[in-house]
Amino acid sequence: MSTQSKTSQDWSAAQYLKFEDERTQPARDLLVRVPLKTPPKRIVDLGCGPGNSTAILESRFPDAHLVGMDSSPDMIRKAKTALPHRDFTVDDLRTYKPEGPVDLFFSNAVLQWLGREERFTIVKKLMESQPSGGVFALQVPDNLMEPSHVLMRETAENGPWAATLQSVGRDSFQTPREIYDLLKPVCSQVDIFHTSYNHSLENHAAIVEWVKGTGLRPYLDPLSPEEQKGFLSEYLRRLEKAYVSTYDGRVLLAYPRLFVIAVKK
């Protein structure tokens with residue numbers, strides 16, 4: 001879920017879990033495509049967040065040695081509470097080193113927080129610890145061009161906070177062809193696919209609550225409480241113009257995601 005934040009503030013497990021079912025579904029959809037011929041002995045859940053992805057890994061592979069890691073102490077505290085019988089650790093993905101060979105690395109919505117140039121360097125370095133046939137399965141949001149995120153950037157660029165936020169934002173993710181070319185030299189199989197979810201949310205304010213748990217954090221963290229209030233008010237105003245309500249007054253939040261499953265040679 002998270003890697004080391006660019007600010008000193010921790011991630012909020014409670015905020016993230018306001019939409020637990022919606023955030024967990026992509027992890028379920030990724031796991032069902034994992035092509036392991038034999039049950040894995042060791043699994044590492046990279047960026048495990050509050051343990052929701054770890055729980056679905058446990059449900060499929062109950063006998064595996066399952067480890068969850070995340071850079072957020074709050075997320076790890078929540079994960080330990082949810083799954084006290086599993087091992088969890090606070091670690092930065094950039095420096096994380098697994099203890100022993102790993103049959104399955106599982107990464108649910110974390111690699112997008114890394115810089116473009118370092119993402120797959122880290123992936124390939126982690127894959128060095130895997131045996132032949134080991135799997136690296138990852139999923140990331142592919143939503144930078146969705147109104148929710150376009151308007152986030154526009155709000156940042158057009159307010160009294162513009163100077164503070166001028167360098168904020170996450171790097172674009174690699175294209176499927178770039179991912180394939182980066183991984184195929186060390187993999188026997190690289191499967192890449194997209195799924196676009198349409199989450200039915202209560203209203204436009206619920207979109208704000210959704211992104212406050214993830215994509216909006218880098219924009220809000222550097223601001224004062226008063227600036228945060230102004231930013232959120234302006235952002236909500238833009239959302240209300242961009243998203244047309246459904247017949248029952250709800251809002252559909254389109255949320256495309258990119259999935260990659262790589263099998264080591």
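In this predicted model, E154 is partly exposed, with a relative accessible area of 31%. Its salt-bridge partner is R238, and the closest N and O atoms are 3.3 Å apart. R238 lies in helix 10 and E154 in helix 6, so the pair ties together parts that are 84 residues apart in sequence. R238 is buried, at 19% relative accessible area, because the cut-off for buried is under 20%.

**Salt bridges**

The count for the model comes to eleven salt bridges. Three of them are set out here.

| Salt bridge | Closest N to O distance |
|---|---|
| R238 and E154 | 3.3 Å |
| R94 and D92 | 3.7 Å |

R94 is partly exposed, with a relative accessible area of 33%. D92 is buried, at 16%. R177 and D181 both belong to helix 7 and sit four residues apart, about one turn of the helix. R177 is exposed, at 55% relative accessible area. D181 is partly exposed, at 46%. Some salt bridges share partners, and these join E154, E234, R237 and R238 into one network.

**Helix 6**

Helix 6 covers residues 147–157, and its buried residues are S148, H149, L151, M152, T155 and A156. Seen down the helix axis, these buried residues fall within an arc of 160°, so they line one face of helix 6. What covers them? Helix 8 (204–212), helix 9 (217–220), helix 10 (225–242) and strand 7 (251–264) are among the elements that do.

**Aromatic pairs**

The whole structure holds seven aromatic pairs. One of them is F120 with F173: the ring centres are 5.8 Å apart and the planes meet at 70°, so the pair is edge-to-face. F120 is in helix 5 (residues 119–127), while F173 is in the loop between helix 6 and helix 7 (176–183), so this pair ties together parts that are 53 residues apart in sequence. F120 is buried, with a relative accessible area of 2%. F173 is buried too, at 15%.

W210 and Y255 form another pair. Their ring centres are 5.4 Å apart and their planes are at 50°, so this pair is tilted. The pair links distant parts of the chain, with W210 in helix 8 and Y255 in strand 7, 45 residues apart. W210 is buried, at 0% relative accessible area. Y255 is also buried, at 5%.

Ring pairs also link W161, Y219, F231 and Y235 into a cluster. Elsewhere, a charge meets a ring: the charged end of R33 sits over the ring of F193, 3.9 Å from its centre.

**The annotated domain**

The unreviewed UniProt entry places a "domain: Methyltransferase" feature at residues 43–128. In the model, this span is 33% helix and 22% strand, and its end C-alpha atoms lie 15 Å apart.

D74 lies in helix 4 (residues 73–82). Its relative accessible area is 22%, so D74 counts as partly exposed. D74 and G49 are 25 residues apart in sequence, and their C-alpha atoms are 8.7 Å apart in space.

A109 is in the loop between strand 4 (104–108) and helix 5. Most residues other than glycine have a negative phi. A109 is buried, with a relative accessible area of 9%.

Methods. Residues numbered from 1 in each chain as written. Predicted model: local features only at pLDDT ≥ 70, side-chain atom pairs only at ≥ 80, totals over all residues. Heavy atoms only, no water. Buried < 20%, exposed > 50% of the residue type's maximum accessible area, 1.4 Å probe, protein only. Helix = DSSP H or I, 4+ residues; strand = E, 2+ residues; numbered from the N terminus. Arc of directions from axis to C-beta. Contact = heavy atoms within 4.5 Å. UniProt positions renumbered as here; feature names shortened; annotations may be inferred. Phe/Tyr/Trp six-rings, centres within 6.5 Å; stacked < 30°, edge-to-face > 60°. Lys NZ or Arg CZ within 6 Å of the ring centre and 35° of its normal. Salt bridge = Lys/Arg side-chain N within 4 Å of Asp/Glu carboxyl O.
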